[in-house]
Each structure stands twice: as C-alpha cells, then as structure tokens.
Amino acid sequence: MVILADWLVSQEAYLRRRQRELEPSLAGHFRRSQADAPQLLRDAGLVPVPLERKEFAEAYGIIGEPNPLQQSVMDELPTAVGAGRRGGILLVTAAPGDGKSETALEAERVLSQRFGTRGYAFLLPTMATSDQMHGRITQTLLNQSGQDAGLTLVHSMAWLNSAYADEDLASEAVVTCDGDEAAAGHRRREADMRPQRWLRGAKRPLLAQFAVGTVDQALMAVLPVRHNALRLLALSGKTFIVDEAHAYDPYMQVLLGRLLNWLGAYGVPVVLLSATLPASVSDRLVKEYLRGAGHSAKALRKRVFPAPYPGWLYVDGESGRCTQMSEAQRQEQARARSMRLAVTVEPVVHGS
C-alpha cells in the first residue's frame, strides 16, 4: 500500500502542481493530500467500475444456450458457495473446446457476488494465449458496459499489442481490404478498452480491475524480488483465474501452490481450469489453498479432493466443505461431447 501511494503522489505533474501551491502548515498539506487522493486514483484507472451483468448469450456473444457444464455452475455453484466468508477454490475439468473460459467467468460472477471481489485476473501459460484471451475478455467487458474499466495485458511484450499502442498511433488511418474489416473493427474495440497510461507502466498492470496475462507475472508475488508485495496487493481484491493449470513444470507448480497458500490466507476466490490436470496435482493445489485459509496440514492429510471429469469441484475456504457438480449434469455434459471413434488397420509394406 505504501509503494502504491508513493508511486501515485510521485507523478511529476502532480508534484509540480503541489510545489506551486504549498500549504503554510503540515496539517494543511496533509488535508490537501487526502482531498487529492480520490482524483489521483481515478486518473490512474484504479477506481472499480461496476458491470451491467447480462444473460449468458449476450454477455459472451454466443448463440444458443449454455452447455451442461456452464449451466451447472450457474445453477449449483451458488448453493455450494452458500454463506462462506473466507473465499474458496473451484477446479473445473473438461476437454478442450468445452467452454471452460465462459464457465470460469460465470463462476467469477457467483464468487464476486458472494465475497465482494471486484474484477479478476485471468492468467494463462503463454503470451500467445494471453493475447488471444485478451480479445475475448475485451468483448465480454464491452458487452457488459465495462468500457470505462480498462483492461490490462500483463506480460513482457504487451507493448506490441494494439491495446497498448500510443493514442496517436491508434488513431492513424489503417488501409484495409474488405476482408480485413472485421479485424479492423476488433482493433477499434480493443482501443476502447485501453487502460489509463499509468496502469501500463512497469509492475502496475496487475493493479487494474481486470487483467489478462501470463501466470509468471502473478508467481513473482511469491519470489524474493522487489515489489512482490505490490503484486500480492493487486491480486488480493480480485477473483484469481488460472487457465491450463496442467501446463506448468514442477518448479512452477510449486510456486503456484505457494501463491494459492497466500491467496487462501487473504480469502481470495480462485478458479483453476484444466483439461488434463492429474488428480495428485489438483489435490495438492487445493490443499495448499486450504492451508493458507487456516486448515492444519495434519487434518488435510486425511482428506482427498477428487476432481470429476468432466465437471467441477468447489471447496470452501472457511469450512473446507467440498461440493461436486451433480452426477446428472456431469453425465449430460459427457453425452453432449460424446464422439464415435473408428479404427482402420492399414497394411504396411516393408521394402527390401
């Protein structure tokens, strides 16, 4: 908090203005600083913007009804969350293409309403997948009147993305052929979601209300590096979403577990998404979160948290109560994604 306050009041334009209008007393200087703080937060893009929550199809631009997995989160997760007060962790497992991203965003809607979080960090393993997800989240926020919130892209090459281009470059005319009109319209929509310039500075993007990026940017919060506490502050008021949770090597899995331990202590709701996460890894990650939430390691050794596939598993941070997707919905999801496989044996002729 001290680092953030220091960076806000150390902006050159603000310092010069204060120097021209120095108060005669220290008390007067302090009162003026207090009065200036709300505007500094607004100018930096740190004031949360409420979304106009829409129905599923309108929110995500999807034609048709939610699939059984998504419908289950919408119908059953609120009951599973219940009267929890200390956050919780949700694990969603499903095949690629089953709509896990929209499932996570629907879960965020439930969790934020219960635990009072405002915004989310949606983290992925690579810059390429982060860039692609940034475009999807951009449209989702625009569909829910979130254009004033600002959406940051959190990785080392984010400055190459059109959402981070300088305003004068973004306003230049772009020559396109007819086939490129959709792409040009997408770039204009991304420009509408461009965050304040202050949030695009080094080590600041995670502070935005909505952030999409690579998971290493969050893992640095548990490494002994400068300003790691600022990253923890940035995550503490959000819902924490990690996609492709199976895609990290053992070293990163250890760091992810440690971060979940901190988030459990903060009561931050967590959503983990995976298509092929081993049961042993998911069990360990859930237990790391619960240890941070105050559950003893001895008690957790006697428990297991098997994740259904396809389906979801929610564990309350305060009580440790475990709830799974209903069997009926899980079977319906499996039937909806069923496929028929055929094997054809082809003769192989070996040359002499």
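**Reading the model together**

Analyst: Happy to. Two helices each supply at least two residues of the lining of the largest cavity: helix 6 (100-115) and helix 7 (127-143). Please keep in mind that this is a predicted model.

User: Which helix gives the largest share of that lining?

Analyst: Helix 6 does, with four residues of the lining of the largest cavity.

User: How many cavities of 30 Å³ or more does the structure hold, and what volume does the largest cavity have?

Analyst: A cavity is a space where a probe fits but cannot get out. Here there is one cavity of 30 Å³ or more, and the volume of the largest cavity is about 50 Å³. Among the residues that line the largest cavity are Leu-51, Arg-53, Tyr-60, Glu-106 and Gln-144. By type, the lining divides into five nonpolar, two polar and four charged residues.

User: What is the volume of the largest pocket?

Analyst: A pocket, in contrast to a cavity, is an open set of points. The largest pocket has a volume of about 410 Å³. It is lined by 17 residues, and the closest to its centre are Leu-46, Leu-207, Leu-233, Gly-237 and Lys-238. Helix 11 (residues 228-236) gives the most to this lining, namely three residues. The lining of the largest pocket is made up of ten nonpolar, five polar and two charged residues.

User: Which residues of helix 11 are buried?

Analyst: Buried means under 20% relative accessible area. In helix 11, the buried residues are Leu-230, Arg-231, Leu-232, Ala-234 and Leu-235. Their cover includes helix 1 (2-9), strand 2 (120-124), helix 10 (216-219), strand 5 (239-242) and helix 12 (250-266).

User: Back to helix 7: how far apart are its end C-alpha atoms?

Analyst: The 17 residues of helix 7, at 1.5 Å a residue, should span 24 Å, and its end C-alpha atoms are 24 Å apart, so the two agree. Buried residues of helix 7 include Ser-130, Met-133, His-134 and Gly-135. After helix 7 comes Ser-145, with a positive phi near 60°.

User: Where is Lys-203 found, and is Lys-203 buried or partly exposed?

Analyst: Lys-203 is in the loop between helix 9 (181-192) and strand 4 (210-214). Its phi is near 70°, a positive value in a residue other than glycine. Because its relative accessibility is 36%, Lys-203 counts as partly exposed. Now try His-227, in the loop between helix 10 and helix 11. Phi of His-227 is also positive, near 65°, but His-227 has a relative accessible area of 18%, so it is buried.

User: Which residues are joined by a cis peptide bond?

Analyst: Look at omega for this one. Tyr-309 and Pro-310 are joined by a cis peptide bond, with omega about -10°. Pro-310 sits in the loop between helix 14 (297-301) and strand 7 (311-316).

User: What does Asn-67 touch, not counting residues up to four places away in sequence?

Analyst: Asn-67 touches Asp-98 and Gln-333 when those neighbours are not counted. A polar atom of its side chain also lies 3.0 Å from the backbone nitrogen of Leu-69. Asn-67 itself is in the loop between helix 4 (56-60) and helix 5 (68-81).

Notes. Residues numbered from 1 in each chain as written. Predicted model: local features only at pLDDT ≥ 70, side-chain atom pairs only at ≥ 80, totals over all residues. Heavy atoms only, no water. Polar contact = N/O pair within 3.5 Å; in protein donor to acceptor, adjacent residues only side chain to side chain. Contact = heavy atoms within 4.5 Å. 1 Å grid on protein atoms, 1.4 Å probe; cavity = no way out; pocket = protein on both sides within 12 Å on 5 of 7 lines; lining within 4 Å. Points joined across faces, edges and corners; volume = space filled by probe spheres on them. Nonpolar A, V, L, I, M, F, W, Y, C, P; charged D, E, K, R; others polar. Expected span 1.5 Å × (residues − 1). Buried < 20%, exposed > 50% of the residue type's maximum accessible area, 1.4 Å probe, protein only.
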